[in-house]
Amino acid sequence: MSESLRFHFNVDGSNFTTAGQASVQVKKNLRELGIPADVIRRVSIAMYEGEINMVIHAHGGEADVVVYEDRIEIILNDHGPGIPNIELAMKEGYSTAPDNIRSLGFGAGMGLPNMKRYTDKMDIETELGKGTKITMCVNF
Amino acid sequence: MKISAIRSLLDANVICGDENLEHDVFSACGSDMMSDVLAYVKDQAVLLTGLVNSQVIRTAEMMDMVCIVFVRSKKPTPDMIELARESGIVLMSTEKRMYEACGLLYTSGLVGNGVRS
């Protein structure tokens, strides 16, 4: 199926305060396109958790949202440290976030599980010392 | 329950969003952990929290929430108020602690509805 629309964002890794701006913008864009509300909510929550993760763990990165006729794909790319043990990282409650992030309301070990929960498909490609690419898909 | 009733029950000050006080809400959740809030998706319209940073507003926006109550007299920053205004989210602040504030709303009919997706 052909790609119909792509939104690209640079996620600033130096500022936790601005984390999530891209997800807010995606939510607005998808609303304007008339995408169903429950699809928008799932896409924006999954992307928001991903953005927060990129800021906490990987000094930022890039986010792409691609709108197809029957699905929305979210691609998150970072050049951070990579994920040493994906199975462990996917466990609810497991977190390597520092204490200062917990005091900001994140780092509860729910990010990746939430991303998987809200999407129909999630793939993680990661290499230690190189970075992580997460591709998520939400069907209409 | 109308948002104006929440203000009365919690004796809260409205910080922004006066124009939306007659909006009806049917459920709420209370948490200082935003990822826990994001794990539950069943139309909670109101968030009670003691956490003060811009991610509280963004979390509420992602969840389509319409009202945030800051407990223990916490006050949002000007940046947070601006973000909330842009999204039409009502912000209010109450002197009550989390446990008491949640209890008052729950016993008045505002349920949790914490169904996990």
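Reader: Which residue stands opposite A:Lys133 in β5(A)?
Author: That is A:Glu125, which stands opposite A:Lys133 in β5(A). Please keep in mind throughout that this is a predicted model.

Reader: How do β4(A) and β5(A) pair, and over how many bridges?
Author: Strand β4 of chain A, residues 121-127, pairs with β5(A) in the antiparallel sense, and the pairing runs over 7 bridges. β4(A) and β5(A) form a hairpin with 3 residues between them, and in the turn A:Gly129 has a positive phi of about 80 degrees.

Reader: And what does β3 of chain A do with β5(A)?
Author: Strand β3 of chain A, residues 71-78, also pairs with β5(A) in the antiparallel sense, in this case over 8 bridges. As an example of facing residues, A:Ile72 stands opposite A:Val138 in β5(A).

Reader: Which residues of β5(A) are on the covered face, and which on the uncovered one?
Author: The covered face of β5(A), which spans residues 131-139, carries A:Thr132, A:Ile134, A:Met136 and A:Val138. The uncovered face carries A:Gly131, A:Lys133, A:Thr135, A:Cys137 and A:Asn139.

Reader: Changing topic to α2(A): how many of its residues are buried?
Author: Of the 22 residues of α2(A), 19 are buried, so this helix is largely enclosed by the rest of the structure. The length of α2(A), residues 37-58 of chain A, can be checked too: at 1.5 Å a residue it should span 32 Å, and its end C-alpha atoms are 30 Å apart, which agrees. Just after α2(A), A:His59 takes a positive phi of about 55 degrees.

Reader: What about A:Phe9, where is it and what does it touch?
Author: A:Phe9 lies in strand β1 of chain A, residues 5-12. Leaving aside residues up to four places away in sequence, A:Phe9 touches A:Ala22, A:Glu62 and A:Ala63. A:Ala22 is 13 residues from A:Phe9 along the chain, and the C-alpha atoms of these two are separated by 6.3 Å.

Reader: Over to chain B now; what is the strand order in its sheet?
Author: Chain B has an open sheet of 5 strands in the order β1-β5-β4-β3-β2, with mixed pairing. The edge strands are β1 (13-16) and β2 (28-30) of chain B, each of which pairs on one side only. From one strand to the next, the twist averages 20 degrees.

Reader: How many bridges join β1(B) to β5 of chain B?
Author: There are 3 bridges between β1(B) and strand β5 of chain B, residues 90-93, and these strands run antiparallel. Within that pairing, B:Cys16 stands opposite B:Leu91 in β5(B). Helix α4 of chain B, residues 78-87, lies across β1 and β5 of chain B and runs at about 80 degrees to β1(B).

Reader: How many residues does each chain bring to the contact?
Author: Chain A brings 19 residues and chain B brings 18 residues. The largest share of the side of chain B that touches chain A comes from α3(B), with 6 residues. By class, that side of chain B has 8 nonpolar, 5 polar and 5 charged residues.

Reader: Last one: what are the scores?
Author: The model scores ipTM 0.89 and pTM 0.91. For chain B, the mean pLDDT is 92, and 94% of its residues reach 70 or more.

How values were computed:
Residues are numbered from 1 along each chain as its sequence is written. Chains are lettered from A and ligands numbered from 1 in the order in which they are written. This is a predicted model: local features need pLDDT of at least 70, side-chain atom pairs count only at pLDDT 80 or more; totals for chains, interfaces and linings use all residues. Two residues are in contact if their C-beta atoms, placed from the backbone, lie within 7 Å. Helices (H or I, at least four residues) and strands (E, at least two) are DSSP runs, numbered from the N terminus. Ala, Val, Leu, Ile, Met, Phe, Trp, Tyr, Cys and Pro count as nonpolar, Asp, Glu, Lys and Arg as charged, and the others, Gly among them, as polar. pLDDT is the predictor's confidence in each residue, from 0 to 100. The expected span of a helix is 1.5 Å times one less than its number of residues. A residue is buried if 20 or more other C-beta atoms lie within 10 Å of its own, exposed if 12 or fewer, and partly exposed in between; C-beta atoms are placed from the backbone. Two strands pair if DSSP finds at least two bridges between them. Axes are lines fitted to C-alpha atoms, for helices over the stretch in contact, and angles run from 0 to 180 degrees between N-to-C directions.
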